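I opened the model and kept notes as I went.

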Amino acid sequence: MATVPVPLSVRPALLLGVPNRITLLRTVVAMVIAAIAFRTGALSWLIVGYAAYWIGDIADGAVARYRNEESEGGAVFDIVCDRACSFLLAAAFMATFPLTIGPLAIFLVQFGVLDTMLSLAFLLWRGTLSPNYFYKVDYPIWLWNWSKPAKAVNTAAVVVSLVIAHQTGAQWLPYTMAIAACVVKIASSYRLIAILRGRQAAAPKV
């Protein structure tokens with residue numbers, strides 16, 4: 001009997017691949033640094049923690065593409081680890097600097113709920129390995145959420161604005177960034193639901 005090849009996206013061995021090891025390492029490192037930030041109350045440790053998170057997040061995806069080891073399981077693992085890093089670092093930020101509670105609460109709602117739903121939506125379209133390829137399903141949603149500028153702004157804009165507000169006293173800035181990000185996620189979620197319900201035609205990029 002001929003064996004049916006296992007699709008690349010679901011090969012169990014990829015769960016132990018180099019990209020996922022990088023994801024695990026950067027998550028552990030970022031969370032340890034967040035714990036140190038909790039302990040010390042130093043902004044410098046928070047900055048180092050976010051840097052470890054972001055650099056690791058870029059590295060695991062780049063390595064996965066280079067080694068042709070992208071997989072649905074790896075994408076889900078990356079999404080879960082992003083939330084683990086973000087939530088603990090945000091908690092350390094709020095504990096150390098109470099003025100950040102408002103904008104970070106808005107950020108955590110959109111990132112923990114709306115962005116999680118959007119990021120996992122690729123699983124509804126078989127053959128779409130990760131959110132990075134969602135342009136094959138709907139280009140506008142991809143453009144707003146996973147194009148390079150959108151990914152750079154997704155978490156960095158709020159965090160950078162918090163640091164600027166801490167240095168300058170411009171507390172309106174992180175609120176503006178957090179609310180703007182939330183509006184983008186709400187608009188994206190509305191479009192996704194409309195597509196799933198057949199009220200809106202998807203617009204894939206050919």
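Which residues of the largest nonpolar core touch the most other members? I found Leu 46, Tyr 50, Tyr 53, Phe 93, Leu 104, Phe 107 and Val 158, out of 22 residues in that core. A nonpolar core here is a set of buried Ala, Val, Leu, Ile, Met, Phe, Trp, Tyr and Cys residues joined through side-chain atoms within 4.5 Å. Two or more residues come from each of α1, α2 (43–66), α3 (72–96), α4 and α6. I noted α3 as the element that gives the most, with 6 residues.

Ground rules for my notes. This is a predicted model, where local features need pLDDT of at least 70, side-chain atom pairs count only at pLDDT 80 or more, and totals for chains, interfaces and linings use all residues. Residues are numbered from 1 along each chain as its sequence is written, and side-chain values use heavy atoms, with hydrogens and water left out. Helices (H or I, at least four residues) and strands (E, at least two) are DSSP runs, numbered from the N terminus.

Next, helix α7. I read residues 172–196, which makes 25 residues. The first and last C-alpha are 36 Å apart, close to the 36 Å expected at 1.5 Å a residue; the expected span is 1.5 Å times one less than the number of residues. I then listed the buried residues of α7 (under 20% relative accessible area; exposed is over 50%, partly exposed in between, 1.4 Å probe, protein chains only). Among them are Leu 173, Cys 182, Lys 185, Arg 191 and Ile 195. What do they pack against? The buried residues of α7 pack against α4 (101–120), α5 (139–145) and α6 (148–168). After α7 comes Gly 198, with a positive phi near 80°.

Then helix α1. Val 28 sits in α1, residues 18–40. Is Val 28 buried or partly exposed? Its relative accessible area is 43%, so I logged Val 28 as partly exposed. Arg 21 also lies in α1. I logged Arg 21 as exposed because its relative accessibility is 56%.

Last, a backbone check. Asn 68 is not a glycine, yet its phi is positive, about 55°. I placed Asn 68 in the loop between α2 and α3. With a relative accessible area of 53%, Asn 68 is exposed.

Notes: Contact = heavy atoms within 4.5 Å.
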